[in-house]
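Reader: I would like to learn how to read the features of a model such as this one. Please take them one at a time.

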Amino acid sequence: MRLEGKVALISGAARGIGAAQALLFAREGAKVGIGDIREDEGRGVAAEITAAGGESLFVRLDVTSEQDWAGAVDAVLDRFGRLDILVNNAGIAERATVEDTTADEWDRMMAVNARGVFLGTKAVITYMKSAGGGSIVNISSISGLIGSSWATAYNASKGAVRLLTKSTAIQYAVDGIRANSVHPGPIQTPMILQVFPNAETRESRMSAVPMGRFGNPEEVAYGALYLASDESSYVTGSELVIDGGATAV
């Protein structure tokens with residue numbers, strides 16, 4: 001198993017890409033802390049892992065709260081005794097141009113998508129340094145690499161995740177801590193249905209993908225698995241793009 005003996009904490013793990021990561025990591029031998037504000041769904045993912053013979057713990061986690069992050073890390077350490085992997089996965093998205101984005105909407109997007117990653121990273125750094133290392137995987141987006149006509153605050157927040165990842169990688173490489181970002185294209189999750197609510201807009205978005213389809217959460221989870229595992233021991237500060245060729249156009 002690719003994560004045998006390791007412990008992971010994944011934010012936003014109650015559904016979508018986060019849930020796929022939690023289930024895959026558990027199948028690959030990790031003990032998994034599931035952090036989310038969606039308690040029923042999060043506990044359901046934890047129960048699914050337990051039913052399959054794995055070990056998991058649900059912790060309520062609002063990623064914009066420094067106190068919640070401290071509590072989540074402490075809960076995982078108390079339960080499993082170690083923490084090897086952090087996946088900063090939680091995120092939100094909205095469609096709006098610069099003119100149509102309000103200051104409150106901008107602040108909310110930055111709070112969840114950028115501040116949340118910063119707080120999660122900060123919450124584990126001291127422990128990982130003392131433990132001799134770890135892997136931090138930040139879920140950004142292709143919207144953190146290229147601009148778009150519809151996603152002003154989302155683009156900015158995901159770009160922030162990309163560069164925060166690189167700074168983390170440079171600052172803590174000497175401590176054995178690796179940090180990498182994953183940049184999915186359009187993925188078939190509840191978020192895609194929220195951002196592109198009707199079939200016509202989804203079809204238009206899909207037509208921009210050379211592979212002609214949306215990805216599925218498991219395809220992103222396998223990328224995160226590689227970066228979380230020791231297979232990527234010489235990989236830090238990098239960007240893994242999983243987008244069906246969308247950014248190659």
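**Reading the features**

Author: T165 is found in helix 5. The model is a predicted one, and every value below is computed from it.

Reader: Is T165 buried or exposed, and why?

Author: T165 counts as buried because its relative accessibility is 0%, and the cut-off for buried is under 20%.

Reader: Where is G35, and is G35 buried or exposed?

Author: G35 sits in strand 2, residues 31-36. With a relative accessible area of 0%, G35 is buried as well. For G35 and L9, which are 26 residues apart along the chain, the C-alpha separation is 7.1 Å.

Reader: Next, charged pairs. How many salt bridges does the structure hold?

Author: The general idea is that side chains of opposite charge can pair when their charged atoms come close. This structure holds 13 salt bridges. One of them joins the side chains of E39 and R43, with an N to O distance of 3.7 Å.

Reader: Where do E39 and R43 lie?

Author: Both belong to helix 2, residues 39-51, and they are four residues apart, about one turn of the helix. E39 has a relative accessible area of 31% and is therefore partly exposed. R43 is partly exposed too, at 48%.

Reader: Which salt bridge does E39 form with a residue in a strand?

Author: E39 forms a salt bridge with R60, and their closest N and O atoms are 3.2 Å apart. Since E39 lies in helix 2 and R60 in strand 3 (residues 56-60), this pair ties together parts that are 21 residues apart in sequence. R60 counts as partly exposed, at 44% relative accessibility.

Reader: Which residues are linked with E39 in a network of salt bridges?

Author: The network of salt bridges links E39 with R43, R60 and D68.

Reader: What salt bridge does R162 form?

Author: R162 pairs with E239, and the closest N and O atoms are 2.4 Å apart. Relative accessible area is 25% for R162, which is partly exposed. E239 also counts as partly exposed, at 31% relative accessibility.

Reader: Strand 7 has come up. Which residue of the nonpolar surface patch is placed in that strand?

Author: V241 has its place in strand 7, residues 239-242. Together with L145 and I146, V241 forms a nonpolar patch on the surface, and the accessible area of the three together is about 200 Å². V241 counts as partly exposed because its relative accessibility is 33%.

Reader: Now helix packing. What describes two packed helices?

Author: Two packed helices are described by the angle between their axes and the distance between the axes. Take helix 4 and helix 5: they pack at an angle of about 15°, with their axes 8 Å apart. That makes helix 4 roughly parallel to helix 5, because angles under 35 degrees count as roughly parallel. The crossing of this pair is right-handed.

Reader: At what angle do the axes of helix 3 and helix 4 cross?

Author: The axes of helix 3 (residues 66-80) and helix 4 (residues 103-131) cross at roughly 40° and come within 9 Å. Helix 3 and helix 4 are therefore oblique to each other. Their crossing is right-handed.

Reader: How is the pair of helix 1 and helix 8 to be read, and what is the handedness of their crossing?

Author: For helix 1 (residues 16-27) and helix 8 (residues 217-228), the axes come within 8 Å and cross at roughly 55°. Helix 1 and helix 8 are therefore oblique to each other. The crossing of helix 1 and helix 8 is right-handed.

Key:
Residues numbered from 1 in each chain as written. Predicted model: local features only at pLDDT ≥ 70, side-chain atom pairs only at ≥ 80, totals over all residues. Heavy atoms only, no water. Patch = residues over 30% accessible without salt bridge, like charges linked within 9 Å, V, L, I, M, F, W, Y side chains within 5 Å. Areas by Shrake-Rupley, 256 points an atom, 1.4 Å probe, with all protein chains shown as cover. Salt bridge = Lys/Arg side-chain N within 4 Å of Asp/Glu carboxyl O. Helix = DSSP H or I, 4+ residues; strand = E, 2+ residues; numbered from the N terminus. Buried < 20%, exposed > 50% of the residue type's maximum accessible area, 1.4 Å probe, protein only. Axes fitted to C-alpha atoms, helices over the stretch in contact; angles between N-to-C directions. Parallel < 35°, antiparallel > 145°, perpendicular 65-115°, else oblique. Left-handed = near helix turned anticlockwise from the far one by under 90°.
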